[in-house]
Amino acid sequence: MNINLGLKTVLSVAVSVSMLFSGAAYAEVTEKSERKTYADEIEFAEENGIMTGDETGELRLDSNVTRAEFVKMLLEAADSDALNSILTETAGFKDTDGHWAEEYIKKATACGFINGFEDGTFRPEENVTFSQAVKMILAACGIRTEAIDYPFGYIGSAMDCGVLEGVHADPDRNITRRDAIKMMYNAYNSVQNGTMLLPYTNERYETDENGYTFDVGYGLFGAQESYAYDDISSGGLFNNAAPGGAVSGGGSVSGSSNNAGSAAMPETSTDNDQSLYYNPYRSSEEYENYEPNKFKDTSLSPLSTFSIDTDTASYSNMRRFILNGSMPAANSVRTEELINYFSYDAPAPAEGEQFAAEAEITDCPWSDNKLARITVTGGTTEDDKPSNLVFLIDVSGSMSSYNKLPMLKKAMLILLDELGDEDTVSIITYSGNAGVALEPTPCSEREVIADAIESLVPGGGTYGAAGLQLAYETIEEHKIDGNNRIILCSDGDFNIGPSSTDELKTLIETKRQAGIYLTTVGFGMGNYKDNRMELMADYGNGSYYYIDNMREAKRVFSDEIDKTLYTVADDVKLQVEFNPMVVSEYRLVGYENRQLAAEDFADDTVDAGELGSGAVVTAVYELVMSDGEPAEGGNSEYRYQTAQYNNSSEAFDIKVRYKEPGGSESILKEFPIQNAETEPEADTELAMAAAMLGLKLNGVIDVDYDVIAEAAEESIETNDMEKAAERCEFMQLLEIMKYIDR
């Protein structure tokens, strides 16, 4: 979902939460407080003639809106010159003759953003539902809606574009006048600010004399002209450009129709990636299959050992599926990445320490067992050494979709704004072959770097291995005493040269020993190769992210840039030893592909995950509690089978082993945890909810979405706006999944 940060009143956390969970409370809000709370929206509506008060001047924001009234609101928001220039004679519906809104309905029909019902009626006096309103408003913004699944594809697009910020997403409910002006206000700002990302379909692509490829169409709201490979707004209701004129927020695409890197597209294509945005079932995406963890007997296997995982790709990839109207693909959900997507409060390491750890034991919400939430916090870097960043950019033909290279370019510009003048950026591209798009350039020359980013165009095959090799050569040649990192941005599709996991693993492993980190950032859908992107990050000593919208781009490249770019600990391994007197069985939730053998914990040659500056790692265990019988055997290798701890009241001992960045010898830290059950904190409730969702989506447990939402609801009450926004969004996703997963 794309949050427009300029609309602070729209994004009030209190408003968002109230609209999600206590809509009836709004009925008691006075006219005065309504005008104060929604001042910007009301001003927008009144200035554009969208909504006025009744005979007493009251706005009646809680009143429902009929279908006829909503159409009139949309047309009042339109630019009259552009509107009048495209109107044609249109037959009305059989139930609108003589209706007060007949002319408005005819105009809206001519523009193409309403089409009535199959029986030839429009039903003007029926209340407009949330789904109907969303469909009309997207069409009015210039989005080609004929390819979108109803209703969830529409709802997903609207959330992604920022139209539904602070609006309760329930497909069948009747919307209020408040909802109507809020959605129109959000849509208007999204279009005007150039943040509305448009899905393109496979129809009527043309190339002009400059080699620019664009999509021309009529039938939604006037003539549209939108460059297909620049992330801009097309025509439409909220764009005040006349038909055929300049496009709001527009720009140009470099390239030529005779160039291998051209953005040109075929006029028709059944396999083109564009059509896959709203049809995730037509897919050649690839995910690894991992067997879910099972319970282990503490007396036989008291040690649980795994590498940390701070990747978040699985969560944003899941969100992409849901907002496009389908459940996530099989094997696409890694539960630990859902848990670790959220920001949690956590203890800072003590002075002079690199790690802190704590745990909470409480009731398990999906069984009669107990649940332990373990939190490990890393330190922050105070190193002011510069960064040497090499962007490795996939510019192959598969990156042409609006949510791939166009979004990637915007994401890179976000990161560029966060870098210091002393940092250096290079750009390596690959398609049919690899090349240098930008030699190492200091960030003091931002315009030069930005121009290089803007010049990127898609075309050709995907020789990813050649790009990787050139990126490593470039960063090694210009290596500095600081942060040396390759940032690979791709859909993961390598169709030329070495592409198997073993070949890529060998290539990357030979380079990581030199202290070069490889971070991978995924984009797009349809032919997305999640398995390859994750593997490269794992073996390249980096993290893996998936960017599905501009809000996620800002999160990865701005809000959490320290975690993304700066490593404070290498090869971080966790080992939890359970006390058989307290815990008889345990199951680690998630981390299936991060499991290590017990002997790997102390083996410094075994690779593990890296920890970014200030990152928090959360792990959840389901516990079967013991009857208190002491363990047999007296094995001195185990803490709780020695004389000193044989009758200990500790539930488990958390061991953290890590290396200093670039170091070769590991450091061990231990954090014993007492057996003390408590009421879950808000953060623990959220972690439990994320764990439940991951287990449900992977077929491990069967639990209602309402139960998951109930666990997460308490976590929303926070004064941190960023935390509240991501948690409110999680609640909205759960609500949408109820309708999809039936």
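Predicted model: local features only at pLDDT ≥ 70, side-chain atom pairs only at ≥ 80, totals over all residues.
**View 1. The largest pocket and the residues around its centre.** The space within the largest pocket amounts to about 790 Å³. Its lining is made up of 36 residues, among which Y517, D570, E660, P661 and G662 are the closest to the centre of the pocket. Strand 11 (483-490) and strand 14 (567-578) each contribute at least two residues to the lining of the largest pocket, and strand 14 gives the most, with four residues. When the lining of the largest pocket is sorted by class, nine residues are nonpolar, 14 are polar and 13 are charged.

**View 2. The second largest pocket and the elements that line it.** For the second largest pocket the computed volume is about 470 Å³. The lining of this second largest pocket comprises 27 residues, and those closest to its centre are L535, D538, Y539, N593 and R594. Two or more lining residues come from each of helix 15 (501-512), helix 16 (530-539) and strand 16 (609-612), with helix 16 giving the most, namely six residues. By class, the lining of the second largest pocket contains seven nonpolar, ten polar and ten charged residues.

**View 3. The packing of helix 4 against helix 7.** Helix 4 (residues 67-76) packs with helix 7 (residues 130-140) at an angle of about 20°, and their axes lie 11 Å apart. Because angles under 35 degrees count as roughly parallel, helix 4 is described as roughly parallel to helix 7. The crossing in which helix 4 passes helix 7 is right-handed. On the side of helix 4 the contact is formed by R67, F70, V71 and L74, and on the side of helix 7 by Q132, A133, M136, I137 and A140. Sorted by class, the contact of helix 4 with helix 7 holds seven nonpolar residues, one polar residue and one charged residue.

**View 4. The crossing of helix 19 and helix 20.** The axes of helix 19 (residues 682-697) and helix 20 (residues 705-713) cross at roughly 160° and come within 7 Å. Because angles over 145 degrees count as roughly antiparallel, this term applies to helix 19 and helix 20. Helix 19 and helix 20 form a left-handed crossing. In the contact of helix 19 with helix 20, ten residues are nonpolar, two are charged and none is polar.

Definitions and conventions
Residues numbered from 1 in each chain as written. Heavy atoms only, no water. 1 Å grid on protein atoms, 1.4 Å probe; cavity = no way out; pocket = protein on both sides within 12 Å on 5 of 7 lines; lining within 4 Å. Points joined across faces, edges and corners; volume = space filled by probe spheres on them. Nonpolar A, V, L, I, M, F, W, Y, C, P; charged D, E, K, R; others polar. Axes fitted to C-alpha atoms, helices over the stretch in contact; angles between N-to-C directions. Parallel < 35°, antiparallel > 145°, perpendicular 65-115°, else oblique. Left-handed = near helix turned anticlockwise from the far one by under 90°. Contact = heavy atoms within 4.5 Å.
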